[in-house]
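Please keep the sequence and the 3D view open while reading.

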Amino acid sequence: MIKGPKHSALLIEYKSRDGKVYPSDIAQAYAGVLAARADGIVITRAEVHTKSQKYTLPAIHSNESIVSRISDPLNSARIVASGGVPTAKPQLYKCRSCSYKKHCPHAIL
Ligand code: SF4
């Protein structure tokens, strides 16, 4: 969600879980900043909200610095977009809430 004027907006990445903010949530927020900028919206602050926690991203810098911060998930997204399958990186906290866990050969449960 984006709030405020286009020249100085706040981006909020909402998560439905009642728990902590994960690095993947932060990466999604950064990706949202890039997408908003592509639409001409200047994001000056960005936050991730779960039902119980709020995290404010560090200062928002250039697109290049954002891309470098989220290069791993961006590369995975590019692989998926081109029809490939990225390397699995199972982590207990992710696998527990993953909808694919019953079928995934890499799941940690
Ligand atoms: S169950 Fe598989 S797809 Fe889901 S988070 Fe774990 S490793 Fe990734």
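The notes below cover strands, core and ligand shell. The model is predicted. Its β2, helix α1 and β3 make a right-handed β-α-β unit. The largest nonpolar core holds 10 residues in all.

**Strands and their pairing**

- Strand β2 spans residues 9–14 and strand β3 spans residues 43–49.
- β2 and β3 pair in the parallel sense, over 6 bridges.
- In this pair, L10 stands opposite R45 in β3.
- Helix α1, residues 23–38, belongs to the β-α-β unit together with β2 and β3.
- β3 also pairs with strand β4 (residues 54–56), here in the antiparallel sense and over 3 bridges.
- E47 stands opposite T56 in β4.
- A hairpin of 4 residues joins β3 to β4.

**Nonpolar core**

- The largest nonpolar core consists of L11, A27, A29, Y30, V33, I43, A46, V48, I66 and I70.
- α1 and β3 each supply at least two residues of this core.
- The largest share comes from α1, with 4 residues.
- I43, a member of this core, touches A9, L11, V33, A36, R37 and I60, not counting residues up to four places away in sequence.
- Two of those contacts, L11 and V33, are core members as well.

**Ligand shell**

- Which residues lie around the ligand? They are A88, P90, K94, C95, C98, Y100, K101, C104, H106 and A107.
- By class, the shell has 7 nonpolar, 1 polar and 2 charged residues.
- The cysteines around the ligand include C95, C98 and C104.

Notes:
Residues are numbered from 1 along each chain as its sequence is written. This is a predicted model: local features need pLDDT of at least 70, side-chain atom pairs count only at pLDDT 80 or more; totals for chains, interfaces and linings use all residues. A residue is near a molecule or strand if its C-beta atom, placed from the backbone, lies within 6 Å of it. Ala, Val, Leu, Ile, Met, Phe, Trp, Tyr, Cys and Pro count as nonpolar, Asp, Glu, Lys and Arg as charged, and the others, Gly among them, as polar. Two strands pair if DSSP finds at least two bridges between them. A crossover is right-handed if, with the strands pointing away from the viewer, the path from the first strand over the helix to the second runs clockwise. A nonpolar core is a set of buried Ala, Val, Leu, Ile, Met, Phe, Trp, Tyr and Cys residues joined through C-beta atoms within 7 Å. A residue is buried if 20 or more other C-beta atoms lie within 10 Å of its own, exposed if 12 or fewer, and partly exposed in between; C-beta atoms are placed from the backbone. Two residues are in contact if their C-beta atoms, placed from the backbone, lie within 7 Å.
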